[in-house]
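I opened my notebook to look up a few things in this structure. Follow along with me.

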Amino acid sequence: MKLGTAAAGAALLALTLPLTACGTSESAGGGTTSAGETGAAGGKVGIDFPRADSDFWNSYTKYVPDMAEELGVDLMPGTNSQNDVAKLVANTQALVGQGAKVIIMAPQDTGAIASTLSNLENKNIPVVSVDTRPDKGKVFMVVRADNKAYGTKACEFLGGKLGGKGKVVQLMGALSSINGRDRAEAFRSCMKEKFPGITVFEEPTEWEGTKAASMLQTRLEQHPDIKGVYMHAGGVHLAPTLQVLKAKGLIVPPEDPKHVFVISNDGIPQEFEAIRRGEIDATVSQPADLYAKYALFYAKAAVEGKTFQPGPTDHDSTIIQLPNGLEDQLPAPLVTKENVDDPKLWGNQVK
């Protein structure tokens, strides 16, 4: 899991064409270029954590200082915007005022951050966005997994378990977030195409557990024959969903006709334990450890004036071109009872 030196960590890509006309390719970079106009040659990295009410994001937060030390990143004390874009804007301004030369953020409202990104671009301060992809505004790199694949994997799992028939609930995140939209749209389109016999009830929870519980309870009262639940975020949806299912006596083995098949997103230890206990059936593991690792890696590269380009990486991901920057799409495996004990999964490495 560790990067050795900065030079070794930079050996990410197989392609070598530079993105900037003034760049010169580096043999150790495998797709990186030196480009002084992208950032200062070294400097402080500012980071804003998006929230503290999610087990997934709390895990990510814990990984950051260790990864920063490992990579030799000059990391400033982090701020927390508490799922509030106004606080994110204020925190970003404060970090810049304290000397940040690059900003790592995870905007939960991906449409409302555009003006802040524009201001940072005007100040020649690169931005690395983690997990979420801003709708507009320049980003140096988005460190993210393929969220459409999350929705498709969840659809295929539930569709297979239900035999293509029945009713399911999709507990969506916030549709103001690209993640919520990607997961929801992929799940919806997959169900329509591959499992037209399944009825999908969509519930926009805004990433809030209390809303998820209320919406799920209402749907189960209206449709007691619901047999599947897709949770967009186990970090905030898991506990309230299990509370509702337990109250209704629906936490039973898969072979029991009353069983409700549940699949989640995140890959936190609590989801793994729920899979082992038979309370949920699967999750898609978002790589919290790799989010921290590569957010810091790209932030350090940005302040050193390096750039990257589309293509495969040496860490089983692919960098794609966005209208407003680049995105490194990290792998996110499906986890079931068959592989839940895999020691390579970050959720099994958390102490």
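This is a predicted model: local features need pLDDT of at least 70, side-chain atom pairs count only at pLDDT 80 or more; totals for chains, interfaces and linings use all residues.

**Entry 1**

I began with the strands and looked up their order. Eight of them form an open sheet, and the order I wrote down is β4-β3-β5-β6-β7-β16-β15-β14. The pairing in this sheet is mixed.

Strand β3 (residues 44-49) and strand β5 (residues 100-105) run parallel, and four bridges join them. In this pair I saw Lys 44 opposite Ala 100 of β5.

Then I checked what helix α10 (residues 288-303) touches. This helix packs on the sheet and is in contact with β3, β5, β6 (127-130), β7 (141-145), β15 (318-322) and β16 (325-330). I noted that the direction of α10 makes about 165 degrees with that of β7.

**Entry 2: the aromatic rings**

How many aromatic pairs are there? The count comes to 13. I looked up Phe 49 and Tyr 60, which form an edge-to-face pair with 6.0 Å from centre to centre and 75 degrees between the planes. Phe 49 belongs to strand β3 and Tyr 60 to helix α2 (residues 55-71), so their pair ties together parts that lie 11 residues apart in sequence.

Are these two residues buried or exposed? Phe 49 is buried, at a relative accessible area of 11%. Tyr 60 is buried too, at 1%.

I also looked up Phe 56 and Trp 57. Their ring centres are 5.3 Å apart and their planes stand at 75 degrees, so this pair is edge-to-face. Both Phe 56 and Trp 57 are buried.

Putting the rings together, I wrote down one aromatic cluster made of Phe 49, Phe 56, Trp 57, Tyr 60, Tyr 63, Tyr 291 and Trp 346.

**Entry 3: two packed helices**

My last stop was helix α5 (residues 147-161) with helix α6 (residues 178-194). They pack at an angle of about 40 degrees, and their axes are 7 Å apart. Their crossing is right-handed.

Which residues meet here? From α5 I noted several, including Tyr 150, Ala 154 and Leu 158. They meet a group in α6 that includes Ala 186, Phe 187 and Met 191. The residues of this contact divide into eight nonpolar, five polar and five charged.

Terms used. Residues are numbered from 1 along each chain as its sequence is written. Side-chain values use heavy atoms; hydrogens and water are left out. Two strands pair if DSSP finds at least two bridges between them. Contact means heavy atoms within 4.5 Å. Axes are lines fitted to C-alpha atoms, for helices over the stretch in contact, and angles run from 0 to 180 degrees between N-to-C directions. Rings of Phe, Tyr and Trp (its six-membered ring) pair if their centres lie within 6.5 Å; planes under 30 degrees apart count as stacked, over 60 as edge-to-face and the rest as tilted. Buried means under 20% relative accessible area, exposed over 50%, partly exposed in between (1.4 Å probe, protein chains only). A crossing is left-handed if the near helix is turned anticlockwise from the far one by less than a right angle, and right-handed if clockwise. Ala, Val, Leu, Ile, Met, Phe, Trp, Tyr, Cys and Pro count as nonpolar, Asp, Glu, Lys and Arg as charged, and the others, Gly among them, as polar.
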